[in-house]
Amino acid sequence: MTVADDPLSDLLQPGETSPLIVIASNRGPFKFHLKNGALQVERGSGGLVTALGALAEQHDVLWVAAALSKTDRAWIEQTGDQPAEVENIRLRLVRSSRKRYEQYYNVIANPLLWFIQHQLWDIPRTPSITLQTWKAWRNGYVAINRLFADVIADSVKDANRPVIIFPQDYHLYLVPRFLRERLGDEVQIQPFVHIPWPGPDAWRILPESIRDEILVSLLASNCIGFQTRRDAFNFVQCCRFYIPDAHSRGSRDSIYYQDRKIEARTYPISIDVEKVEALIEEPETRLLKSQLINAIGDHRLILRVDRIEPSKNILRGLEAFRALLVNHPEHRGRVQIMALLVPSRMEVSEYQDYLQQIMAQAGMINAEFSDQYWEPVRILVGESYPRALAAMQLYDVLLVNPIADGMNLVAKEGALVNQRDGVLLLSEHAGVFYELGEYALVVSPFDIYSTAEALHQALNMPQDERHARAEAMRQQVQSADVRQWFYRQVEDALSALSSQARKSSTPATPGSSTSEAANTEGGVSPDSTPSASA
Ligand code: GDG
C-alpha cells in the first residue's frame, strides 16, 4: 500500500504531535524460531496482522503481545525487555510464567469467557466454578492483564504526545482499568471485542465479583468497539443491569459511569481484499485449486471452512446435509459436502470430543449413502490457508451456520473469491449477517430442517438470482475492508483526543472532575479474595 492510498497519512503526520498507537493482543504478529542457533522470524497471518502490518510500516505503532514460546522468550532476552523493530513493526513481548499463562489462557479466557460469550455451556452440568477457577482468575487472568498494562505503561511513559491504546479481545478485558490507574485520563483507551457480547443473562454464570471486575474495567475505556450493534447494545444492557452506578440515559450505545461517558461503538471487522485477491493468484493456491477441481468432478459442492470449534456448529451442519439427502433424494450422487477443518485448542478435551463426533457423523452419512462413484461427505483436517482460498473459489453453496460468531471472515472471503456465483447459507447469529444477510439464505443454526430446505433452495436457485446475490455480496465486501475497520477506530480516537484537549483548555466545571474517573472507587480490588456472595 502506498502512502497516497493510506487514509491515515493525513491524520497521522509524523512529528511530536502525532499520536503513538499501541496495539495489545494475546497473539502477536510474529513467531520466533531457532534455526542453526539463530532466531528466525515468521510473520503471522490474519486480518489484524496484515492490516496493521501495512499501517505500522508508515506510522508509529507499537505492538504488545504475549510471549508464547521459549523462542519468544529468547527474543526478549536479546532485546532486553524493550520494544524492538521486527520487519518494520515495533514489538514488545510480555513475559510470564508458564503456569500463569496456562491459568489465564486455558482456564479463564478459553474456555470460560469464550464459552460464556458463545453460550456454549450446558448449564445443568457445566461449568463449575471451583477453587482452581478462582486461583486461575487471580493468579492467571488478573495477573497477566496487569503485566500487559505494566508493559504498555512502561512503553508509553515518555511519549510526550497523545497515546491511543487498542487492547484486543477477551484475553485483555482488565487491561483498560489497570492502564487507567497507571496512565490517568490523558490516554485514549479503545478495546475491541472480536467475539459476541451476549445479554445480561449469559453473564450470570460468572461470580458477581469477576463479572463486575470485567465490566468496571471495560468502563475505564473511552470507547469499546464491537462487531455489531447487537453486541454493543448487549454490553450497554449488561452495564445497566449489573453495575449500580452505570446509566445509559436512554442511549443504546453509550454508558455514563463515574462522570464519564463511555461509547459502545460498532466496527465490523473485514478482510484484506487486496491481499486475498493476490493470494488466490499465487502458484500454490492455483495448484491446490486444480487438485480440488479434479477431486470434486462434476458434483455440486457445498463447502464449509471452520476451526474445529463447537460454536461453528459443524455437527448440525452435517445433520442438515443428511436431512437434505433424505428429504430430497434427487441430490444423491450429485452433491458433495466438503468440510475444511482447522485444528484448534486440541489440548482441550471438549475440542477433541467434538472432532471425534464430527468424524463419526461424517462416517455414518457416508456409510448410509455412498456408492462406488460417490462419497457424499469429505472432511479435510489440517491447516492450509491457500487450500481454503482455493476451495472458496469453487463452491456452489457456502455453509456458515454458527451458533454464535463475532463476525465470520470465511463468509466475506467466500463472497470475494467465489467464481461459481455460489450461494451463502448464513446463520442469523453470525455478525456478518448484518452486512451480507440481505443477499444470503438465512437460517437459524438450531433448525436442521430449515437448513436442509435452504440447502435445497440454494442448489435449485436460478442462475440469474445466484449471480445477482453473489455480485451484491462481492461489492459489499470490496467496499469495506479491514483497513477501514482499523482506520475508523483511529479516526474516532483522534477526534476524541482533540475534543478532550479542547475541554481541558476550558475552565473546569466544579464537581465534574475527570480525575475521579481514574481512581477505582466503586471498582473491585484485583487483589480481593472470593467473597461469600460470589
Ligand atoms: C475470530 C471470531 C471473527 C481458514 N483455514 C485456514 C485459515 N483460515 C482462515 C479463514 C478466516 C480465518 O482463518 C478464520 O476467521 P473466522 O472469522 O472465520 O473465525 P475465528 O477464527 O473464530 O475468528 C470471528 C474473527 O475473530 C475476526 O474478528 O470474525 O467471529 O471468532 O480468514 O479463511 N487460516 C490459516 N490456516 C487455515 O488452514 N492460517
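Pro127 is found in the loop between helix 3 and helix 4, where helices (H or I, at least four residues) and strands (E, at least two) are DSSP runs numbered from the N terminus. The peptide bond that joins Thr126 to Pro127 is cis, with omega near 0°. The model is predicted, so that local features need pLDDT of at least 70 and side-chain atom pairs count only at pLDDT 80 or more, whereas totals for chains, interfaces and linings use all residues. Residues are numbered from 1 along each chain as its sequence is written, and side-chain values use heavy atoms, with hydrogens and water left out.

A cis peptide bond also leads from Asn110 to Pro111, with omega near 20°. Pro111 has its place in helix 3 (residues 98-117). The loop between helix 3 and helix 4 also holds Gln119, which has a positive phi of about 55° although it is not a glycine. With a relative accessibility of 53%, Gln119 counts as exposed; the term exposed denotes over 50% relative accessible area, buried under 20%, and partly exposed the range in between (1.4 Å probe, protein chains only). Phi is likewise positive at Asn88, another residue other than glycine, with a value near 70°. Asn88 is placed in the loop between strand 5 (84-86) and strand 6 (89-94) and, at 44% relative accessibility, counts as partly exposed.

The protein contains 18 helices and 18 strands. Of its 534 residues, 56% count as buried. Contact is taken as heavy atoms within 4.5 Å. Among contacts between residues at least 6 apart in sequence, 78% join residues at least 24 apart.

In soluble globular proteins, nonpolar side chains tend to be buried together. A nonpolar core is defined here as a set of buried Ala, Val, Leu, Ile, Met, Phe, Trp, Tyr and Cys residues joined through side-chain atoms within 4.5 Å. The largest such core in the model has 72 residues, and those with the most contacts inside it are Phe148, Trp197, Ile214 and Phe235. Helix 4 (residues 131-156) gives the most to this core, contributing 12 residues. Because domain 1 (3-270 + 484-503) and domain 2 (273-480) both give residues to this core, it lies between them; the domain bounds come from an automatic or database domain assignment. When residues up to four places away in sequence are not counted, Ile214 touches Leu113, Trp137, Tyr173, Leu174, Trp197 and Leu206. Apart from this core lies another, of 64 residues, among them Ile21, Phe32, Val86 and Val273.

Two helix pairs were examined for their packing geometry, with axes as lines fitted to C-alpha atoms, for helices over the stretch in contact, and angles running from 0 to 180 degrees between N-to-C directions. Helix 6 (residues 208-218) and helix 7 (residues 229-242) pack at an angle of about 120°, and their axes are 11 Å apart. These two helices are therefore oblique to each other, given that angles under 35 degrees count as roughly parallel, over 145 as roughly antiparallel, 65 to 115 as roughly perpendicular and the rest as oblique. Arg211, Asp212, Leu215 and Leu218 of helix 6 make the contact with Phe235, Cys238, Cys239 and Tyr242 of helix 7.

Helix 13 (409-417) and helix 16 (residues 463-479) pack at an angle of about 115°, with their axes 8 Å apart. Helix 13 and helix 16 are therefore roughly perpendicular to each other, and their crossing is left-handed. On the side of helix 13, Lys412, Ala415 and Leu416 meet Met473, Arg474, Val477 and Gln478 in helix 16.

Helix 12 (residues 385-392) is largely enclosed by the rest of the structure, because seven of its eight residues are buried. The buried residues are Pro386, Arg387, Ala388, Leu389, Ala390, Ala391 and Met392. They pack against helix 8 (273-279), helix 9 (283-296), strand 13 (300-307), strand 14, strand 15 (377-381) and helix 13.

His331 lies in the loop between helix 10 (314-327) and strand 14 (335-342). This histidine is buried, with a relative accessible area of 8%. Residues up to four places away in sequence being left out, His331 touches Leu324, Leu325, His456, Leu459 and Asn460.

Technical notes. A crossing is left-handed if the near helix is turned anticlockwise from the far one by less than a right angle, and right-handed if clockwise.
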